[in-house]
Amino acid sequence: MNDESQLPAVIAVDGARKSFGAVKALDGVDFTVAPGQCIGLVGHNGAGKSTLVNVINGGITLDQGTIALAGQNHSSGHSIARARSGGIRCVFQELSLCPNLTVLENVRIAHRTLTGFGWRTRAAKLISAQLDTIFPGHGISAGSVVGDLSIAQRQMVEIATAFSRDSDPVALVILDEPTSSLDASRAHQLIEYVKTFTAEGGAVIFISHILGEILEAAHRVIVMRDGKVVGDRPASEFTVPGLVQAMGSVAAKRQARRETDARASGEAPVVARPQHTDAVAFRAFRGELVGLAGLSGHGQTETLVDLYKSLSSDWRAARDPKAAFVAGDRLIDGIFPIWSILRNMSITVLADWSRRGFVDVAREIGFGGDWKQRIGIRSDDLENPILSLSGGNQQKALFARALGSRAEVVLMDDPMRGVDIGTKQDVYAMLRQEADKGRTFVWYSTEMDEVSVCDRVYVFRDGRIVAELAGDAVSEDAILAASFGERAA
Amino acid sequence: MTALSRMPWIWSFLAAGIVWVITLMFTGGASIVGLTQATLTFAAFSVIVGTGQMFVITLGPGNIDLSIPATMTLAGTVALKLMGGDSGLIVPGFLVAIAIGLGVGVANYALIKLLRIPPIIATLAMSFIIQSAAIWSNRGLRIRPPEILGDFAIGSVLGVPNVAILALVVTVLAYVALEKSLYGRWILAIGQNIRAARMAGIPVDGVRCGTYVLCAVLASLGGYFLASFSGGAALNMGAEYLLMSIAVVVIGGTSVAGGDSNVPGIWGASLFMFLVVSMLNTYGFDAGFRMIMTGLIIIGVIVTAGGRTVRF
């Protein structure tokens, strides 16, 4: 495959240590990437993956250890500028495009060399060509404003920008959760491109919680736990259960799907939506786990937002809240950025306990401590700012916000983006338990595993429901068929 | 330093203290009681209307109430006209002033919500309507306030002006509302991320409407007492409170980006703003130079206090 001994490593990190307060984010990490290699990097939320990435791209300075770029040691002077000129590119988990600018203007930000007369034309050409190469049929115009794109399209633009080449080199591309908002077909296109890119001598670090992708894309897999590298082997020696075990959690058994009896007994649905142009009317019954599937950006999020708005009021707080919402695009729909973790968790339930309009602080603290333990938020103090948490842990706080409320319907907008597999399994179990108690979940997900957990699935295409699958009819094939407009079996 | 960064209001008090000392140095300490009382009195009006503006600004980018001066004028004018100098009508006059505030607040939010006009335009347009109403109802008359009310407005308890005590009560209530109440949590949440606030179950329109009403009510309260204090309402009585209400909020450490209020800072900033003008007066500068200096000093304070961590 690749002869690692001949060429100098694109990047070599040696004995890296970094602490944030009491938390050891990196605890002695050795890490090398050779040209032409794709490294899969896996680990739980807070295992240190994002910190390692930031060390490599120069955003974080190490407490101890050295970094060598293309064989040259830069232990002290490693910086964002040096990483950039050394050909290191990064696609972040939290998308980092400017929403008020157009696609090509965002490309200009990434490429300093795009200057002078006619840079707009050149930038547009550059990004369109790259998008065509990686994601054929992407449907993104270089002149459109990023804020108008769906989250999946933004992610595609970001990925294409990172791989695009003007006059500066591209030696290593770090993909941090690149497929979290992409549906299966787009994710597959990306993996194919990664293979081509590495075959041409480029290097890639691929971080994902979707382990199947890692095994498909990577030559070598590195497992991190608690700031240390605990496994470093060729991808061919790993299997998904093996990886899960290496990360330190046990693979869950697939839960048997239940036939919902509520429906059979003629009970009224908890949530319903007028049929309009849909092929099937949307209804959800008590105690059901209803999935929304289809390619991403086909109206699932809009449906959830509409449902939520129809179940709550703009003008007065409900005495008995009907619904709670778990955001997927958390910076836009979920997080209150200057608040503490605790305040972010408690905002929805607060109204339940208020006495004469005052906040019950003691109860708020109790609620926070209880959920911190139940859902495993990694922080020594809930008074820390929410943005001090890793992306997955922020998501847990948002889960606690919704699950902790009394709402009988919980609407979830692809909430598992950036959440590690251990937490996912905990949350799945929690959802099941809550559903058994009579709660209803409406769950949009871009991941097939999650959709197949659901009791019933509605498939979306072009903003409308095109199919309803129930019980054993819920399968990857059936969902894909319906998403692409073939008649579902 | 971290303790200081948690108290951004400290800077406005520090600045006010320095200016107070400099002014007294010039007079040799002779006017210490007079200066302090005058400062407290005039600062009190800025504090009352500034508190309302602070709640509105906390709602997030784009939220501002420019109708404060007109509301003050209309409330003062109509209330004084209704009372006609009769001490028996003090309470009805007060209630009318508050009712004007309620009406203006609801009208402001109706423009913002129903016609989807940005708050800056909506409240500016509203202020023309209110100001015209004030001109129409006043017609150049200057009616003196009832004697008891006038005496109360210029009086003091143990050397502390009554209006300053009133303003203190307003700020304590505002502080409690922001820090301890559900409503406080809600406006702070809306100011940080209005979309997330809606999706977290906060009744966004109700809270925003309530906040514009609160601001207008505080403006009319300020107008009622300012008119009583100055011995009658004048059509331009609110004018200086347009910029003042915004300046004291910003200098006081409230984030213009929303979601982060600062009640004590309003006091520090209001004291500071009055003291700067009286210091420059004491030093005998003419009006033009005074305004230049005021502007420069405000910039100076904001730059000094602006060292707070910017949080995204």
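This is a predicted model: local features need pLDDT of at least 70, side-chain atom pairs count only at pLDDT 80 or more; totals for chains, interfaces and linings use all residues.
1. Is R198(B) buried or exposed? Buried: its relative accessibility is 6%, and the cut-off for that label is under 20%. Sequence neighbours within four places aside, R198(B) touches Y308(A), K309(A), S312(A), S313(A) and D314(A) in chain A, plus V204(B) in its own chain.

2. Now the interface as a whole. Chain B puts 31 residues in contact with 32 residues of chain A. About 2,800 Å² is buried between the two chains, with carbon and sulfur atoms giving 59% of that area. On the chain B side, R198(B) turns up again: together with R185(B) and M199(B), R198(B) is among the residues that lose the most area to chain A, and the three make up 29% of what that side buries.

3. Elsewhere in chain B, have a look at α2(B) (residues 10-27) against α13(B) (residues 263-282): their axes are 8 Å apart, at an angle of about 25°. Angles under 35 degrees count as roughly parallel, so α2(B) and α13(B) get that description. The crossing is left-handed.

4. Which residues meet there? From α2(B) they include F13(B), V19(B), W20(B), I22(B) and F26(B), and from α13(B) they include W267(B), L271(B), F272(B), L275(B) and M279(B). By class, the contact between α2(B) and α13(B) counts 15 nonpolar and 7 polar residues, with no charged ones.

Note on methods: Residues are numbered from 1 along each chain as its sequence is written. Chains are lettered from A and ligands numbered from 1 in the order in which they are written. Side-chain values use heavy atoms; hydrogens and water are left out. Axes are lines fitted to C-alpha atoms, for helices over the stretch in contact, and angles run from 0 to 180 degrees between N-to-C directions. Helices (H or I, at least four residues) and strands (E, at least two) are DSSP runs, numbered from the N terminus. Angles under 35 degrees count as roughly parallel, over 145 as roughly antiparallel, 65 to 115 as roughly perpendicular and the rest as oblique. A crossing is left-handed if the near helix is turned anticlockwise from the far one by less than a right angle, and right-handed if clockwise. Contact means heavy atoms within 4.5 Å. Ala, Val, Leu, Ile, Met, Phe, Trp, Tyr, Cys and Pro count as nonpolar, Asp, Glu, Lys and Arg as charged, and the others, Gly among them, as polar. Buried means under 20% relative accessible area, exposed over 50%, partly exposed in between (1.4 Å probe, protein chains only). Buried area is the accessible area (1.4 Å probe) that two parts lose on being put together, summed over both.
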